Amino acid sequence: MHWYLRVLKNYVTFEGRARRKEYWMFYLINAIISIILITAERATDTFFFSLLNFLYALAILLPSLAVAVRRLHDTGRSGWWFLINLIPIIGALVFLIFTCLDSEPNDNKYGPNPKH
């Protein structure tokens, strides 16, 4: 939960670097919350949970983008590489590989190594 809250505290911080652990823990907790909201929406079939699910997705949009850009920075890539997701299938696979790569071991132009 610490990693999830850490990303939310850096709500729209696109500078700096994000470790793999920060990125993947954020997405894991985000997925769990989304599954709970979707399950509640389908089980109750009410407008309240549909609205709640929409508002959660809207609220988490910028932090998700920011942590993805910081993750790319950690691997030494520009945040503009996020746009590779616009290429169907191949773009998502390339982006997945980028997010799975280890950090650059030393400081890079985006900041110091967050592992230290």
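User: Why are helix α2 and helix α4 called oblique to each other?

Analyst: In this predicted model, the axes of α2 (residues 20-44) and α4 (residues 90-100) cross at roughly 125 degrees and come within 9 Å. Axes are lines fitted to C-alpha atoms, for helices over the stretch in contact, with angles from 0 to 180 degrees between N-to-C directions. Under 35 degrees counts as roughly parallel, over 145 as roughly antiparallel, 65 to 115 as roughly perpendicular, and the rest as oblique. The pair is therefore oblique. Helices are DSSP runs (H or I, at least four residues), numbered from the N terminus.

User: Which residues of α2 and α4 meet?

Analyst: R20, Y23 and W24 of α2 meet F95, L96, T99 and C100 of α4, contact being heavy atoms within 4.5 Å. By class, this contact has five nonpolar, one polar and one charged residues.

User: What makes the nonpolar surface patch?

Analyst: W24, I87, I89, I90, L93 and L96 make a patch of about 590 Å². Patch residues have over 30% relative accessible area and no salt bridge, and nonpolar side chains are joined within 5 Å. Helix α4 gives the largest share, three residues.

User: Why is R17 with D74 called a salt bridge?

Analyst: The closest N and O atoms are 2.8 Å apart. The rule asks for a side-chain nitrogen of Lys or Arg within 4 Å of a carboxyl oxygen of Asp or Glu, so the pair qualifies. R17 lies in the loop between α1 and α2, and D74 in helix α3, 57 residues apart. The count by this rule is four salt bridges.

Residues are numbered from 1 along each chain as its sequence is written. Local features need pLDDT of at least 70, side-chain atom pairs count only at pLDDT 80 or more, totals for chains, interfaces and linings use all residues, and side-chain values use heavy atoms, with hydrogens and water left out.

Note on methods:
Helices (H or I, at least four residues) and strands (E, at least two) are DSSP runs, numbered from the N terminus. Ala, Val, Leu, Ile, Met, Phe, Trp, Tyr, Cys and Pro count as nonpolar, Asp, Glu, Lys and Arg as charged, and the others, Gly among them, as polar. Patches are made of residues with over 30% relative accessible area and no salt bridge: like charges are joined within 9 Å, nonpolar side chains (Val, Leu, Ile, Met, Phe, Trp, Tyr) within 5 Å. Accessible areas come from the Shrake-Rupley method with a 1.4 Å probe; for residues, only the protein chains shown count as cover.
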